[in-house]
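Here's a quick briefing for anyone meeting this structure for the first time. Take a look at the fold, then read on for a tour by topic.

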Amino acid sequence: PDGVKVEAKVKIFVKDKHRSARFGFPMSSGDNSRVISSNAFGHIEREQSGDEYPCGEWFARFGENGGATIANDGKYSFAADEKVCYMTVLRTAIYLDHYAVAAGTRDEFCEYMEEAPSEFSYSLTPYGGAAEATKTAGELNSPLKSVIEAFHGGKLGTESCGLRVSSVNVIVTAFKKAEDGNGY
């Protein structure tokens, strides 16, 4: 949708162990607002209870007064209450520390996650539906890269289209040769 897009590149460093950090995005979407997040091959509605949920590359709040999508390139959990959406951006927990406290097996060789400076990007855009949110997150996570090429012989002209998708709610995620060898 038309509107402002805010993009941020963040570098964060926390030395304290067993901590987490999250960014809060105050937003109101009016009565009956909903929160959804991406997951494998789709999206799911989540409660606005303040509990943290896993998500894919984006989450969004929307309602009768519009809404917003928050896409990111590697911070895959969020929480939302009635007034604020939160993106968890850092955790300094012990790596694979499932049963160590109960078993009393922690020692000086424990490895902590995200002890080094952490870098990530995120964007905040007006909510335009799950298809638009998926597209925005895809652009953030897989930016188009140009390759400078010199003149050379060949049959292709200066422009070419290898694949065209005419519907905004379809995203090509795999391209495979047909098993009978006739097409793709």
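Let's start with the aromatics: F23, F25, F120 and Y122 come together in one aromatic cluster. Rings of Phe, Tyr and Trp (its six-membered ring) pair if their centres lie within 6.5 Å, with planes under 30 degrees apart called stacked, over 60 edge-to-face and the rest tilted. Keep in mind that this is a predicted model, where local features need pLDDT of at least 70 and side-chain atom pairs count only at pLDDT 80 or more, while totals for chains, interfaces and linings use all residues. Residues are numbered from 1 along each chain as its sequence is written, and side-chain values use heavy atoms, with hydrogens and water left out.

Helices (H or I, at least four residues) and strands (E, at least two) are DSSP runs, numbered from the N terminus. Two strands pair if DSSP finds at least two bridges between them. Buried means under 20% relative accessible area, exposed means over 50%, and partly exposed is in between (1.4 Å probe, protein chains only).

**More on the aromatics**

- Searching the whole structure turns up eight aromatic pairs.
- One of them is F62 with Y127, a stacked pair at 4.3 Å centre to centre, with 10 degrees between the planes.
- F62 sits in strand β6 (residues 58–63) and Y127 in the loop between β10 (118–126) and α2, so this pair ties together parts that are 65 residues apart in sequence.
- F62 is buried, at a relative accessible area of 16%.

**The open sheet**

- Four strands make an open sheet, in the order β2-β9-β8-β5, with antiparallel pairing.
- At the edges are β2 (20–26) and β5 (52–54), each of which pairs on one side only.
- On average, neighbouring strands in this sheet are turned by 30 degrees against each other, direction ignored. Such angles run from 0 to 180 degrees between N-to-C directions, using axes that are lines fitted to C-alpha atoms (for helices, over the stretch in contact).
- What holds strands together in general? Strands of a sheet pair through backbone hydrogen bonds, either parallel or antiparallel.

**Zooming in on β8**

- Strand β8 (residues 77–80) pairs with β5 in the antiparallel sense over three bridges.
- Across that pairing, E52 stands opposite A79, and P54 faces S77.
- On its other partner, β8 pairs with strand β9 (residues 84–91), again antiparallel and over three bridges. Here A79 is opposite Y86.
- A hairpin through three residues joins β8 to β9.
- Which way do the side chains go? S77 and A79 point one way from β8, F78 and A80 point the other way, and all are buried.

**β6, β7 and β10**

- β6 and β7 run antiparallel, joined by six bridges, and a hairpin of two residues links β6 to β7.
- Strand β7 (residues 66–72) also pairs with β10 in the antiparallel sense, over five bridges.
- I70 of β7 has a facing residue in each case: F59 stands opposite I70, and I70 stands opposite L124 in β10.
- How enclosed is β7? Five of its seven residues are buried, so the strand is largely enclosed by the rest of the structure.

**Out on the surface**

- L163, V165, V170, V172, F175 and Y184 make a nonpolar surface patch of about 610 Å².
- V172, found in the segment after α2 (130–141), is partly exposed, with a relative accessible area of 41%.
- I148 also lies in the segment after α2, and is exposed at a relative accessible area of 83%.
- I148 and R106 are 42 residues apart in sequence and 52 Å apart in space, C-alpha to C-alpha.
- For the patch, residues need over 30% relative accessible area and no salt bridge, and nonpolar side chains (Val, Leu, Ile, Met, Phe, Trp, Tyr) are joined within 5 Å, like charges within 9 Å. A salt bridge is a side-chain nitrogen of Lys or Arg within 4 Å of a carboxyl oxygen of Asp or Glu.

- Most residues other than glycine have a negative phi, and most peptide bonds are trans.
- H18 has a positive phi, near 60 degrees; H18 is in the loop between β1 (6–12) and β2 and is partly exposed, at 41% relative accessibility.
- F41 has a positive phi too, near 65 degrees; F41 is in the loop between β3 (34–39) and β4 (42–46) and is exposed, with a relative accessible area of 89%.

Definitions and conventions: Areas by Shrake-Rupley, 256 points an atom, 1.4 Å probe, with all protein chains shown as cover.
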